[in-house]
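This report describes the fold, the packing and several individual residues of one protein chain. The sequence and coordinates follow.

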Amino acid sequence: MSHQERLQQRALDYWAMGLVPVYIPEGKKAPSKKGWQTPGYKDHDDVASAFEKDGNIGILLGSGLFDLDLDTEEAITAARLLVDKFYASHSTRTDAVSHYWYKSDDEVETKKFIDIDGTMICELR
C-alpha cells in the first residue's frame with residue numbers, strides 16, 4: 001500500500017470514528033485550501049476524494065473535541081503515567097504517542113505550557 005493509499009484509509013478511519021479529517025498538503029504544517037474549516041463532506045466518497053494526493057491529515061477540533069499535544073520527550077513520558085480515558089491518540093514524530101484526543105460537552109480554552117527556556121512543553125487545544 002502506498003503512502004497516499006494509507007493516508008486516504010486513515011482519513012476514512014477517522015471519518016468512521018466521527019472525526020472530521022482535513023487534508024494538509026505535502027511539506028506543509030497546515031491546510032492551505034480556502035474553507036478548510038468547513039470541509040462539508042457528505043459521505044465516504046467525499047472524504048476519499050479529498051485525500052487523493054500525497055500529504056498529511058489534520059483533525060478539525062472544536063464541537064467538544066480537543067487535543068492534548070505533547071511537544072517534549074518529558075511530556076510524552078509523563079503522559080504515559082498520567083493520561084487516561086482519552087477518545088483517541090496518535091503520534092506525529094516518534095513511536096511514542098504525542099497527541100491524545102478527548103471529547104467533552106464543555107468547550108476547552110487553548111492553554112500552552114512553556115518551559116523557562118521558551119520551549120513548548122505541551123498544549124491543550
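How many helices and strands does the secondary structure of the protein come to? The secondary structure comprises three helices and seven strands. The model is a predicted one.

## Overall architecture

Read from the N terminus, the elements follow the order α-β-α-β-β-α-β-β-β-β. The radius of gyration of the protein is 15 Å, close to the 14 Å given by the globule rule for 125 residues, so the protein is as compact as a globular protein of that length. Along the principal axes, the C-alpha atoms fill a box of roughly 45 × 35 × 25 Å.

Among the contacts with a separation of 6 or more, 59% are between residues 24 or more positions apart.

## Surface and charge

Buried residues make up 32% of the 125 residues of the protein. The accessible surface is about 8400 Å², and carbon and sulfur atoms account for 50% of that area.

The protein carries 15 positive and 22 negative charges.

Helix α3 spans residues 73-82, and its buried residues are Ala75, Ile76 and Ala79. Because these residues cover an arc of only 100° around the axis, they sit on the same side of α3. The face turned away from this buried side carries the exposed residues Glu74, Arg80 and Leu81.

Which strands do the buried residues of α3 pack against? Their partners are β3 (65-70), β5 (99-103) and β7 (120-124).

Glu123 belongs to strand β7. Is Glu123 buried or exposed? With a relative accessible area of 11%, Glu123 falls under the 20% limit and is therefore buried.

Beyond its neighbours within four places in sequence, Glu123 makes contact with Asp67, Leu68 and Asp69, and also with Thr110, Lys111 and Lys112.

## Gly58 in β2

Strand β2 covers residues 55-59 and includes Gly58. Gly58 is buried, its relative accessible area being 14%. When residues up to four places away in sequence are not counted, Gly58 touches Val20, Pro21, Val22 and Ile24.

A longer distance can also be given for this residue. Gly58 and Glu109 are 51 residues apart along the chain, and their C-alpha atoms are separated by 19 Å.

## Two exposed loop residues

Lys85 lies in the loop between α3 and β4. Its relative accessible area of 75% makes Lys85 exposed. The backbone of Lys85 has a phi near 55°, which is a positive value in a residue other than glycine.

Thr92 is located in the loop between β4 (88-90) and β5. What is the relative accessibility of Thr92? The value is 52%, and Thr92 therefore counts as exposed, the limit being over 50%. Leaving aside neighbours within four places in sequence, Thr92 is in contact with Ser98 and His99. Thr92 and Leu68 stand 24 residues apart along the chain, with 13 Å between their C-alpha atoms.

Note on methods: Residues are numbered from 1 along each chain as its sequence is written. This is a predicted model: local features need pLDDT of at least 70, side-chain atom pairs count only at pLDDT 80 or more; totals for chains, interfaces and linings use all residues. Side-chain values use heavy atoms; hydrogens and water are left out. Buried means under 20% relative accessible area, exposed over 50%, partly exposed in between (1.4 Å probe, protein chains only). Helices (H or I, at least four residues) and strands (E, at least two) are DSSP runs, numbered from the N terminus. The arc is that of the directions from the helix axis to the C-beta atoms. Contact means heavy atoms within 4.5 Å. The radius of gyration is taken over C-alpha atoms; the globule rule is 2.2 Å times the number of residues to the power 0.38. Accessible areas come from the Shrake-Rupley method with a 1.4 Å probe; for residues, only the protein chains shown count as cover. Lys and Arg count as positive and Asp and Glu as negative; His and the chain ends are not counted. The place of a charge is taken as NZ of Lys, CZ of Arg, CG of Asp or CD of Glu.
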